[in-house]
Amino acid sequence: MEEERKKESEFRIKIDKDSDSYDEFVGQIKDLISNEDSKKLKEMFDGAHPADIVTVFRDLERDEELYLFRLLSKEDQAYALIKMEEETLESFLEDLSVDEISHTLNHIETDETTYLLSYLPSAKRELVLANLSKADSFEIRSQLGFRESSAGRLMSKDFATVSITDNVRKGIINVRKKAKEIEDIYQIYVTNEDGVLEGFIPLKDLFLTPINTKVAKITNFSVFAFHYDVDQEEVANTFKKYDLVSAAVTDDLGRIIGRITVDDVLEIVEEEASEDILLMAGVSEDERLSTPILQSVKRRIVWLNVNLLTAFVSSTVVAFFEDTISQIVVLATLMPIVAGLGGNAGTQSVTVVIRNIATGDLSISNWWEAVRKEFTIGILNGLVLGFVTGCMIFLVKGNLVLGFVVGTAMFVNMIVASLTGSLVPIVLKGMRIDPAIASSIFVTATTDVCGFFFFLGLATVLAKYLL
């Protein structure tokens, strides 16, 4: 074990991209592949973690990746596939034969198998499933039938159970049998004679309890379970809230059909966070560094066109006050201050509200608390920034009325920004639209329009004092 850890650690040092020797290391790999020196390559990658091997793949050509991949053990091949980026995985699987894919699937749990198969074209997927045993094929087909991003898709069908009528001795025997198939066992689930979930027993308690004790006496009936159709984001939030390491998944009758473990949830948390960040910028959640340029352009252009439309609305408001701007040219140089700070304040509110929606702290039932808080923040920020901005304009331009106009417009736009930033995500959520997709666009458009209108409108009213 110590030797394996040492090899893994040494390999990680070699693949550190900040190291001066990394390029040399990759060059050696390329040379060995070119010479088809499989023996030295196997020695070089001996003990390396599949995730670290995938790191090296990124600097190789596809034919080099495939050559190296085929030198790995079937188990390492399976985990290397799991660790690949989604778009790389999809194209990589296309280059593997049906037999190659089938053999790797025997070394991973059903949730990981389902994940890999979801990236195959339907025709090839059917061929792979036909290559598996009837039992495995049936289980995977049924799991692929669950809705994407649901607990059913996320779960593994490898779990340990014991009947509530059994004693501890029989429970230990069941766990020992299952331990050969299951990677990690955190809890043993307790069921009745119909397979309905009753509770769970921590693994430690099962092995420390006298063997003739009835399972019912040591069962914890406060068991966390998810219906198979529950959204994965709700699963992740529940794991975080209650510090879970494992939870059961049940069918419509309450029978256990799978389990979700904390390592699955960590991936979901990262996926959901990345998705929200990308969507807030109007970028597809599927976009990666490896995404083709034209595909990225196609995905981004839609929201950029929406931005263009809102920009035209803002310019229309400005055009309405052309006469005022032509008479008081200094207004043109001050307009971006009001609109820009309003947009930033709106983005802050949007980010906080969307974050609270994502974590489950904010819902339709308590939306008023968020709006009231952001409204108060908007007033206070508006007072401070309005006063500071007004004073700065007065000191620089020497016109008290101009300072008043800019400061007042700033104050009003800060309130608008906070209100819009808190209300738009809540309204979109109520309409069953992902708030991360379009909130920032609408908020920025509103603060631009209102900022220009209040600033130029007030300047028009007080024009005689500004000339």
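Tutor: Let's start with T250, which is found in strand 5, the stretch covering residues 246-250. Keep in mind that this is a predicted model. T250 has a relative accessibility of 10%, and because buried means under 20%, T250 counts as buried. What is T250 in contact with, leaving aside its neighbours within four places in sequence? The list has L197, then A225, F226, H227 and Y228, and finally R255, I256 and I257.

Now look at helix 16, residues 232-242. Its buried residues are Q232, V235, A236, T238 and F239. Seen down the axis of helix 16, these buried residues fall within an arc of 165 degrees, so they line one face of the helix. K240 and K241, on the other side of helix 16, are exposed.

Let's finish with a pair of helices. Helix 8 (residues 98-105) packs with helix 10 (residues 122-131) at an angle of about 55 degrees, and their axes are 9 Å apart. That angle makes helix 8 oblique to helix 10. The crossing of these two helices, helix 8 and helix 10, is right-handed. On the helix 8 side, the contact is made by V98, D99, I101, S102 and L105, while helix 10 brings K124, L127, V128 and N131.

Note on methods:
Residues numbered from 1 in each chain as written. Predicted model: local features only at pLDDT ≥ 70, side-chain atom pairs only at ≥ 80, totals over all residues. Heavy atoms only, no water. Axes fitted to C-alpha atoms, helices over the stretch in contact; angles between N-to-C directions. Helix = DSSP H or I, 4+ residues; strand = E, 2+ residues; numbered from the N terminus. Parallel < 35°, antiparallel > 145°, perpendicular 65-115°, else oblique. Left-handed = near helix turned anticlockwise from the far one by under 90°. Contact = heavy atoms within 4.5 Å. Buried < 20%, exposed > 50% of the residue type's maximum accessible area, 1.4 Å probe, protein only. Arc of directions from axis to C-beta.
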